[in-house]
Amino acid sequence: MCVCLTIISHTSSLQHNRYGFKPTAGRITSKGLSVPRVRNSSGFEGIKSTGGPMGKCTSDLIEIMRIWLCDEMFDADPFVPRLPLNMPLRTKKLRVGFLKSDPFFEASEPCQRAVVEAANALKSRGHDVFEINTLPSMKENFLIYARLIGADAMTGIKDACESEA
């Protein structure tokens with residue numbers, strides 16, 4: 001059973017100690033998976049969906065990825081790149097920018113607080129963390145996204161909504 005990490009993180013009884021990792025689309029095979037959509041379609045061509053592990057700690061995620069990225073998976077799906085998990089130790093100081101919210105899609109207070117807590121945790125570990133206050137127009141980004149998902153005369157969206165009527 002697959003569950004969205006966003007849903008779990010907003011569920012009060014499950015909100016603590018849940019971690020997720022979203023690999024690059026195509027890094028993990030999608031053979032044998034199904035999605036609750038018409039014809040089992042998985043996202044748009046320009047915005048691909050992907051599955052990933054969830055666990056109680058980051059070491060769970062690393063172990064799951066180590067197990068998944070194996071010869072059996074690579075042999076079963078020739079479209080997945082044959083790249084085993086590479087986990088070099090990171091000793092270099094990170095430079096991380098974060099955005100709490102933006103005026104076009106305002107984030108909820110709990111989400112903003114989570115971002116600030118994560119930023120503070122990175123700072124406490126010696127990393128260079130800064131807030132991003134200027135971005136390209138989110139309105140323009142959203143309009144590009146809307147054009148992208150509607151580029152097929154909305155056929156993909158109409159098909160996805162087919163069983164909703």
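**Close-up views of a predicted model**

View 1. Glutamate 63 is partly exposed, its relative accessible area being 40%. In this predicted model, the side chain of glutamate 63 meets that of arginine 66 in a salt bridge, with an N to O distance of 3.8 Å. The two residues lie three apart in helix H2 (residues 58-68), so about one helical turn separates glutamate 63 from arginine 66. Arginine 66 is also partly exposed, at 42%.

**View 2. Salt bridge between arginine 82 and aspartate 71.** The closest N and O atoms of this pair are 3.2 Å apart. The pair links distant parts of the chain, 11 residues apart: aspartate 71 belongs to helix H3 (71-76), and arginine 82 to the loop between helix H3 and strand S3 (95-98). Arginine 82 is partly exposed, with 47% relative accessibility. A network of salt bridges links Asp71, Asp75 and Arg82.

**View 3. Salt bridge between glutamate 140 and arginine 147.** Here the closest N and O atoms are 3.9 Å apart. Glutamate 140 is partly exposed at 37% relative accessibility, whereas arginine 147 counts as exposed at 53%. The count of salt bridges in the model comes to five.

**View 4. Nonpolar surface patch.** The patch is formed by Phe104, Phe105, Phe142, Leu143 and Tyr145, which together have about 420 Å² of accessible area. Tyrosine 145 is placed in helix H5 (residues 138-149) and is partly exposed, with a relative accessible area of 35%.

View 5. The whole structure contains zero disulfides.

How values were computed
Residues are numbered from 1 along each chain as its sequence is written. This is a predicted model: local features need pLDDT of at least 70, side-chain atom pairs count only at pLDDT 80 or more; totals for chains, interfaces and linings use all residues. Side-chain values use heavy atoms; hydrogens and water are left out. A disulfide is a pair of cysteine sulfur atoms within 2.5 Å. Patches are made of residues with over 30% relative accessible area and no salt bridge: like charges are joined within 9 Å, nonpolar side chains (Val, Leu, Ile, Met, Phe, Trp, Tyr) within 5 Å. Accessible areas come from the Shrake-Rupley method with a 1.4 Å probe; for residues, only the protein chains shown count as cover. A salt bridge is a side-chain nitrogen of Lys or Arg within 4 Å of a carboxyl oxygen of Asp or Glu. Helices (H or I, at least four residues) and strands (E, at least two) are DSSP runs, numbered from the N terminus. Buried means under 20% relative accessible area, exposed over 50%, partly exposed in between (1.4 Å probe, protein chains only).
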